[in-house]
Amino acid sequence: MTGRGWVLAAGVVAASLAGCGGGQDGGSAGDERPRLVVSAAASLNDALTSCSPGFDAADVRLSFAGSDELAAQIRQGVEPDVYAAANTKLPEALNEEGLVGRPRVFASNELVLAVPADSPIRSVDDLTRPGPKVAIGSASVPIGSYTREVLSRLGDRQAEAVLANVRSEEPDVTGVIGKLTQDAADAGFVYASDVDATGGRLRAVELPRRLQPTVAYGVAVVDGAPQPEAARAYVEDLISGRCTQALEQAGFGPPPG
Amino acid sequence: MIRRAWFPGLITVALAAALIFLTLPIAAVFLETSPGALVDSLGSQGAQEALWLSLKTTTLALTIIVLVGTPAAYLLATRRFRGRAAIVTLIELPLVLPPAVAGIALLAAVGPAGLLGRGLAGAGVELALATAGVVVALTFVASPFYLRQAQAAFGALDRAWLDASRTSGASEARTFLRIAVPAAAPGLLAGGALALGRALGEFGATLIFAGSFQGITQTVPLAIYDRFATDFDGALALSAVLVVVSAAILLAVKLARGPDGLGIAAR
């Protein structure tokens with residue numbers, strides 16, 4: 001067995017232990033509904049949490065984290081049934097590696113600059129002056145790469161000025177929101193849907209159209225998924241079924257194009 | 001004969017299982033990295049800044065813990081007063097607190113929007129997203145390890161001996177510094193090592209309270225997490241460093257305590 005094999009074994013043990021700990025009911029004796037494990041981008045938290053309980057074909061277990069971390073887990077041998085990412089790049093890469101099925105786009109989102117409700121910050125330009133503490137996503141996570149896309153469209157000088165104010169690179173969008181709601185940071189780039197979820201504590205400063213990246217969410221059934229049929233049904237729900245309404249309510253848009 | 005032998009067999013199997021389970025993941029960290037890749041990964045600026053930051057913050061935290069914790073533990077070990085048991089329990093609480101809770105609690109207490117946040121900001125003290133915040137997080141989670149151990153070490157000293165020092169004219173401060181601390185040194189050292197180990201590995205409280213930024217708040221565990229998704233080799237290399245440092249801490253304590261090793265510390 002190679003070294004990677006050993007690590008994989010350790011990862012599987014860890015994942016199954018985590019699964020035991022996370023199980024809330026474990027199902028009563030007569031309960032034979034299959035369990036569907038969905039690994040989803042942190043930004044999908046509200047939408048999927050609200051629409052998953054009504055899923056017919058299975059009991060849905062949601063696991064939220066940065067899309068890149070979830071992809072890394074799949075590469076290390078963890079097998080959820082469905083992988084939903086905050087971009088199309090990661091599921092496409094996993095597809096090319098033969099780890100997930102063909103990804104499909106199911107939603108779009110917008111990047112905004114989030115600030116506390118009473119903040120004087122009105123535009124991205126306000127971040128180019130020294131002073132405001134900025135939180136962004138780490139470069140490896142989709143929100144972080146979208147943010148860098150926005151900054152690169154600002155031009156080098158302005159991008160550098162904003163980056164000089166960055167005080168934290170968070171592993172997922174939840175971290176950015178948390179730093180903002182706790183006043184630890186003054187501004188952060190997040191998805192529009194994340195600001196909706198804070199119930200008015202944060203305000204969204206919209207980005208000019210020329211800075212806006214295309215934010216498309218991709219979903220795929222994981223190869224070797226324990227519940228492939230339920231997984232496919234869940235993907236359909238995201239694209240055109242019950243979950244589309246929850247996504248819309250959470251501030252997501254329809255697939256771009 | 002076979003019937004009599006089942007118990008020794010059982011305990012041998014249990015030990016073997018424990019040993020394999022505990023050492024396999026650590027071995028894998030090294031089996032997965034080639035020495036060349038390890039050196040390459042550690043040569044990157046991000047890795048070096050993380051290592052330097054971890055060294056700096058853990059040293060600072062440990063200094064604070066020892067300077068405040070030693071006299072505090074001495075008081076708890078040598079005095080009997082009302083509420084003592086409650087105090088001992090309270091200061092041991094962070095020991096069993098999940099790190100994420102520690103991070104949230106620190107934000108609620110000394111974060112910008114927390115209980116003392118406004119006062120601290122007024123005094124020009126900034127902890128969240130700053131290196132000072134990392135030191136606060138490390139001190140918070142690691143100090144109970146030292147306090148507990150130091151209290152046990154002072155408590156194990158012969159009271160008659162300390163009293164003799166005082167009745168022979170030495171002040172209490174002198175008794176503490178010249179008699180109690182040297183006599184309790186092995187226990188204090190073990191406590192310091194446990195606190196150092198805990199501080200070095202701190203992750204959750206640091207991420208939640210202090211954030212993650214290269215050179216400012218991104219300690220080695222946070223740098224490992226940052227690399228895990230995109231640079232597994234880099235994550236392994238930094239992990240390997242932490243394994244070696246942790247092993248060195250353990251070994252140093254064992255050597256300092258003589259053949260007895262950590263036996264006393266476990267009491």
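Which residue in S8(A) does Val134(A) stand opposite?

Reply: Val134(A) stands opposite Ala187(A) in S8(A). Strand S6 (residues 134-137) and strand S8 (residues 187-191) of chain A run parallel and are joined by two bridges. That is enough for a pair, since two strands pair if DSSP finds at least two bridges between them. The elements themselves are DSSP runs numbered from the N terminus: helices are H or I with at least four residues, strands are E with at least two.

Before going further, some ground rules. This is a predicted model in which local features need pLDDT of at least 70 and side-chain atom pairs count only at pLDDT 80 or more, while totals for chains, interfaces and linings use all residues. Residues are numbered from 1 along each chain as its sequence is written, and chains are lettered from A and ligands numbered from 1 in the order in which they are written.

Now the whole sheet. Five strands of chain A make it up, in the order S7-S6-S8-S5-S9. The sheet is open and its pairing is mixed. Strand S7 (166-170) and strand S9 (202-206) of chain A are the edges, each pairing on one side only. From one strand to the next, the twist averages 35 degrees. Helix H7 (residues 173-181) of chain A packs on this sheet. H7 touches strand S5 (111-116), S6, S7, S8 and S9 of chain A. The direction of the helix makes about 140 degrees with that of S8(A). Two cut-offs apply here. Residues are in contact if their C-beta atoms, placed from the backbone, lie within 7 Å. Axes are lines fitted to C-alpha atoms, for helices over the stretch in contact, and angles run from 0 to 180 degrees between N-to-C directions.

Chain A has another open sheet of five strands, in the order S2-S1-S3-S10-S4, again with mixed pairing. Strand S2 (59-65) and strand S4 (104-109) of chain A have a single partner strand each, so one side of each lacks a neighbour in the sheet. Neighbouring strands here are turned by 20 degrees against each other on average, direction ignored. S4(A) pairs with strand S10 (residues 215-221) of chain A in the antiparallel sense, over five bridges. Ala107(A) stands opposite Tyr217(A) in S10(A). Helices pack here too. Helix H3 (residues 67-75) of chain A lies across strand S1 (35-41), S2 and strand S3 (82-85), at about 150 degrees to S3(A). Helix H9 (residues 228-240) of chain A touches S1, S3, S4 and S10 of chain A, at about 160 degrees to S10(A).

Chain B has twelve helices and zero strands. The contact between the chains takes 24 residues from chain A and 20 residues from chain B. On the chain B side, helix H1 (6-31) and helix H11 (220-228) are the elements that give two or more residues. H1(B) gives the most, with four residues. By class, this side has 13 nonpolar, five polar and two charged residues. Ala, Val, Leu, Ile, Met, Phe, Trp, Tyr, Cys and Pro count as nonpolar, Asp, Glu, Lys and Arg as charged, and the others, Gly among them, as polar.

One helix pair in chain B is worth a look. Helix H5 (residues 99-110) and helix H7 (residues 131-155) of chain B pack at about 125 degrees, with their axes 11 Å apart. That makes H5(B) oblique to H7(B). Under 35 degrees is roughly parallel, over 145 roughly antiparallel, 65 to 115 roughly perpendicular and the rest oblique. Pro99(B), Ala102(B), Gly103(B), Leu106(B) and Val110(B) in H5(B) meet Val136(B), Ala137(B), Phe140(B) and Val141(B) in H7(B). This contact has eight nonpolar, one polar and no charged residues.

Last, confidence. The predictor gives the complex an ipTM of 0.75 and a pTM of 0.79. The mean pLDDT of chain B is 88, and 94% of its residues reach 70 or more. Residues 262-267 of chain B fall below 50, with eleven contacts in the model beyond near neighbours in sequence. The pLDDT is the predictor's confidence in each residue, from 0 to 100. Where pLDDT is low, the predicted coordinates should not be read in detail.

Terms used
Contact = placed C-beta atoms within 7 Å.
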